[in-house]
Amino acid sequence: MPIRILVVDDTELNLKLVSAILIKDGYEVITARNGLEALDVIKTSPPALAILDVMMPDMDGYTLCGHFRQNPLTSKIPIIILTALTGVDDKIKAFDSGADDFLAKPFEPQELRARIKVLLRRTVQEEPAQNSDVVGKVIAVFSLRGGVGVSMLSSNLAASLSQIWRSPVALVDLAFMNGQSALLFDLPLRNTWADVGNSPAKEVDITLLNSAMLHHDSGVRILASPRRPEDSETVTAEHVQLTIEILRKHYEYIVLDLPHDFTETTLTGLDMADQILLLLAPETASVRCAGNALDTFSHLKYPDERTTLILNWPFKGKGLPRTGIESALKKEINIVIPFAGDAVVSSIMLGKPSALQTPLDPLGAFLEDLAYLNSKEEHKQNPPEITRDRIWQVKKRAQARQWKS
Ligand SMILES: Nc1ncnc2c1ncn2[C@@H]1O[C@H](COP(=O)(O)OP(=O)(O)OP(=O)(O)O)[C@@H](O)[C@H]1O
Ligand SMILES: [Mg+2]
C-alpha cells in the first residue's frame with residue numbers, strides 16, 4: 001500500500017495544491033477541512049504523516065497537533081506545520097505543540113518533498129514493522145517465446161486488480177531490453193528502473209521506489225524498463241530481489257512483466273513469485289518454449305501448483321489443438337484466452353489496457369475475471385467492504401466460466 005498522508009487546511013486551493021504534489025509522488029492523500037474532521041478521519045484511515053495548516057476556524061493547527069500527539073493512532077507520526085505565520089514565536093509554538101517540522105507559505109514543492117522524505121525515512125527506520133501486515137501477492141507473467149501476449153496480460157492484470165480491489169498495484173517491468181509497460185498505459189518514461197539501479201541495492205527503500213514508479217490514474221504504479229537497454233546495466237539481481245521484497249510490504253499485488261529469457265534478474269522474479277502465469281500460443285515453437293520453461297521450473301523445484309498454464313490466441317486462424325498441446329506438455333491448460341482481434345491493437349494504440357478501456361466487452365470482462373481468479377484467497381473469501389458490490393458481479397461471472405484453477 002502506498003504511504004498515506006493527511007493534509008488539513010481550511011482553504012480548498014491549498015488542499016488541492018499540496019495534494020497534487022503528494023499524489024504525483026505516489027502518496028495516498030486524505031484531506032480534512034478542520035480539526036474535528038481530521039480527528040474523525042484518522043479513526044478510519046490513520047496516516048503515516050500529517051501536514052497541518054495553523055489558522056483554521058474552531059481549532060488551530062497547534063491544538064490539533066497536540067491532540068494528535070495524545071492519540072495512540074497518531075502519537076508517533078511525523079507532523080509538518082505549514083503556515084503563513086513565519087515569526088520565531090510561531091516556530092517555537094509549532095515545536096512546543098509536538099510538530100516535527102515547520103514550513104512557511106509560500107513554499108517550494110521541492111522543499112516540501114524533501115522534508116517529507118527525510119521525516120518518513122526516520123520513522124521507517126524507527127518502526128520497521130509499520131506495514132508488516134501487508135504481504136503482497138507476486139504474480140509473474142512469463143513465456144520463453146516473444147510476442148505471445150505477456151505484456152498484454154500483465155498490464156491488464158495489474159489494471160484489473162487495482163480496479164477490483166480498489167487498491168494500488170505495482171507493475172514491475174523486468175523486460176529491460178524492450179519493456180513496453182509504460183507505453184501500454186500511455187505514460188511518458190519520466191522515471192524508470194535506471195533510477196533504482198543508480199542507487200546501491202542496499203539503499204533501495206519504499207521512498208525511492210515510489211518516486212521511481214510511474215503513476216497511472218487507475219491506481220497502477222509502474223516500475224518501467226529504461227528507454228535504452230544500456231541504462232539498465234546497473235540493475236542487479238539484488239536490486240530486483242530487494243525491490244520485490246519491499247513492494248510486497250506496501251502493495252497487495254505485484255505483477256511482473258518478464259522477458260523471454262532465464263537471466264539472473266528474470267530468475268529472481270520467478271523465484272519470488274507466488275504464482276507464475278506461463279503463457280503460450282498455439283504454435284509449435286511456443287509449445288516447445290513452454291515445455292523448456294516447465295522443465296526448468298521442475299529442476300528449480302518449483303511446486304507444480306505455482307504455475308498456471310495459459311493458452312493465448314494472439315493470431316487468427318488455424319493453430320494447434322488444445323488437447324495436443326496438453327499431451328505434449330503433460331500438463332493441463334488452465335485457461336484459454338481467445339483471439340480478440342482489433343480490440344487488443346486499439347487498446348495498445350490508445351495506451352489503455354482493455355480491462356480499463358472496455359471493461360464490459362468480452363475481452364475486458366475476460367481479463368478482469370482472470371484477475372479475480374488470481375487474487376488472494378483471503379480477498380476472495382472476505383472482500384474489503386468498499387469492493388463488495390463489484391466483487392459480487394465479477395465472482396458470479398468468473399465462476400460461470402468454470403476455469404480449472
Ligand atoms: N488474445 C489476443 N488477441 C489479439 N491480439 C493479441 C492477443 N494477445 C496478444 N495479442 C497481440 O499480440 C502482440 C504481442 O503481444 P505482447 O506484446 O503482449 O507480447 P509479449 O509476449 O509481451 O511480446 P514481447 O515482449 O516479446 O514484445 C501484440 O500486438 C498484441 O496486441
Ligand atoms: Mg512484452
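Q: Let's start with β4. Which residues point which way from it, and are they buried or exposed?
A: I79, I81 and T83 point one way from β4, while I80 and L82 point the other way, and all of them are buried. Keep in mind that this is a predicted model.

Q: What does that say about the strand as a whole?
A: Strand β4 covers residues 79-83, and five of the five are buried, so the strand is largely enclosed by the rest of the structure.

Q: Okay, and how many bridges join β3 to β4, and are the two parallel or antiparallel?
A: Strand β3, residues 49-53, is joined to β4 by four bridges, and the two run parallel. In that pairing, D53 stands opposite L82 of β4.

Q: Which helix does the chain go through between β3 and β4?
A: Helix α3, residues 61-70. The β-α-β crossover from β3 through α3 to β4 is right-handed.

Q: What about β5, how many bridges does β4 make with it?
A: Four bridges join β4 to strand β5, residues 101-104, and these strands run parallel. The bridge partner of I80 in β5 is D101.

Q: Switching topic to the eight-stranded sheet. What's the strand order?
A: The order is β8-β9-β7-β10-β6-β11-β12-β13. This sheet is open, and its pairing is mixed.

Q: Which strands stand at the edges?
A: β8 (214-215) and β13 (335-337). Each has a single partner strand, so one side of each is left without a neighbour in the sheet.

Q: Tell me about β13's pairing with β12. How many bridges are there?
A: Three bridges, with β13 and strand β12 (residues 307-312) paired in the parallel sense. I310 stands opposite I335 of β13.

Q: Which strands of the sheet does α12 touch?
A: Helix α12 packs on the sheet and touches β6 (137-142), β11 (275-280) and β12. The direction of α12 makes about 155° with that of β11.

Q: Then there's α13. At what angle do the axes of α12 and α13 cross?
A: Roughly 35°, and the axes of α12 (residues 284-299) and α13 (residues 322-329) come within 10 Å. It's a right-handed crossing.

Q: Which residues meet there?
A: From α12 you have V287, A290, G291 and L294, and they meet I325, A328 and L329 of α13. By class, that contact has six nonpolar residues, one polar and no charged ones.

Q: What is L214 in contact with, leaving aside its neighbours within four places in sequence?
A: Its contacts include A182, L187, P188, L189, R190 and N191, and also V220, R221, I222 and A224.

Q: Last one: K16. Where is it found, and does it count as buried or exposed?
A: K16 is found in helix α1, residues 12-24, and counts as exposed at 55% relative accessibility. The cut-off for exposed is over 50%. K16 and K137 are 33 Å apart in space, C-alpha to C-alpha, and 121 residues apart in sequence.

How values were computed: Residues are numbered from 1 along each chain as its sequence is written. Chains are lettered from A and ligands numbered from 1 in the order in which they are written. This is a predicted model: local features need pLDDT of at least 70, side-chain atom pairs count only at pLDDT 80 or more; totals for chains, interfaces and linings use all residues. Side-chain values use heavy atoms; hydrogens and water are left out. Buried means under 20% relative accessible area, exposed over 50%, partly exposed in between (1.4 Å probe, protein chains only). Two strands pair if DSSP finds at least two bridges between them. A crossover is right-handed if, with the strands pointing away from the viewer, the path from the first strand over the helix to the second runs clockwise. Axes are lines fitted to C-alpha atoms, for helices over the stretch in contact, and angles run from 0 to 180 degrees between N-to-C directions. A crossing is left-handed if the near helix is turned anticlockwise from the far one by less than a right angle, and right-handed if clockwise. Contact means heavy atoms within 4.5 Å. Ala, Val, Leu, Ile, Met, Phe, Trp, Tyr, Cys and Pro count as nonpolar, Asp, Glu, Lys and Arg as charged, and the others, Gly among them, as polar.
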